[in-house]
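Thanks, everyone. Let me put the structure up, and then I'll walk you through it.

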Amino acid sequence: GRWEMSIKAIKTEYKGYKFRSRLEARWAVFFDATNIEWDYEPEGFKIENRGEIIHYLPDFWLPEFHTYVEVKGPVLTEAEKNKALFLSDTGEGYEAGGQVLILQKIPEISEASPVFKMAFGGGWTQAIFAKCYVCKGVHLIREDTGDLSCICECLERSDNPIDISYEHCETDMEFAYKKARQAQFEFGVKG
């Protein structure tokens, strides 16, 4: 006979948090490797759509970027897209982020910065993580406008900080992505 299989995410502990999947834990490793402050599942929402109540608990809150993060598998469902769009459009919730970054697998670094999908203002755009050569901080940049999702003092020091200061810093960013991909959680190893 045929086997009936279901694939479920493996719950994983890292830094005292019990993540719902290894992929979520790997993104936490990435945030730590890039010194991005994060909070795991800080607040849930009730979304009402045409009389239906949907509960939504974003995976991460990145306070410096005023951004929620959803970690998803390879295919983003319509329901997942709609939740992210709703939260980005209402500006409600934990410090009114107004944007939801969708992260999937930890990328391999190629010649260009990895691009991620972002719900913003009820629509879709793209964003990248990039390192500032001036302050050495990692920032989240919306590609539709080049707007930074955080305040960087370097903006005051340069006429064109996006082109000059926020180019992809391959070695540091590659290290962070590699560290996240290689994080070991098996057999009781924690982060």
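**Loops, sheet and a covered strand**

Let's start with Lys 15, which is exposed, with a relative accessible area of 56%. Keep in mind throughout that this is a predicted model. Where does Lys 15 sit? In the loop between β1, residues 12-14, and β2, residues 17-19. Now look at its backbone. Lys 15 has a positive phi of about 50°, and it is not a glycine. Most residues other than glycine have a negative phi.

Next, Asn 35. Asn 35 also has a positive phi, about 60°, and is not a glycine either. Asn 35 is in the loop between α1 and β3. Is Asn 35 buried or exposed? Exposed, because its relative accessible area is 70%, and the cut-off for exposed is over 50%.

On to the sheet. The sheet is open and has seven strands. Read the order with me: β3-β6-β7-β8-β9-β10-β11. The pairing is mixed. Which strands are at the edges? β3, residues 39-40, and β11, residues 138-142. Each of those two pairs on one side only.

Helix α1 comes next, residues 22-33. Helix α1 lies across β3, β6, β7, β8, β9 and β10. Against β6, residues 60-62, α1 runs at about 15°.

Now zoom in on β7, residues 67-71. Start on the β6 side. β6 and β7 pair in the antiparallel sense, over three bridges. Trp 61 stands opposite Tyr 68 in β7. These two strands form a hairpin, with four residues between them. His 66 is in that turn, and His 66 has a positive phi of about 50°.

Switch to the other pairing, with β8, residues 99-103. Here β7 and β8 run parallel, and four bridges join them. Tyr 68 has Val 100 as its bridge partner in β8. Val 71 has Leu 103 as its partner there.

Buried here means under 20% relative accessible area. Take the two faces in turn. One side carries Thr 67, Val 69 and Val 71.

Over to you for questions.

Terms used. Residues are numbered from 1 along each chain as its sequence is written. This is a predicted model: local features need pLDDT of at least 70, side-chain atom pairs count only at pLDDT 80 or more; totals for chains, interfaces and linings use all residues. Side-chain values use heavy atoms; hydrogens and water are left out. Two strands pair if DSSP finds at least two bridges between them. Contact means heavy atoms within 4.5 Å. Axes are lines fitted to C-alpha atoms, for helices over the stretch in contact, and angles run from 0 to 180 degrees between N-to-C directions. Buried means under 20% relative accessible area, exposed over 50%, partly exposed in between (1.4 Å probe, protein chains only).
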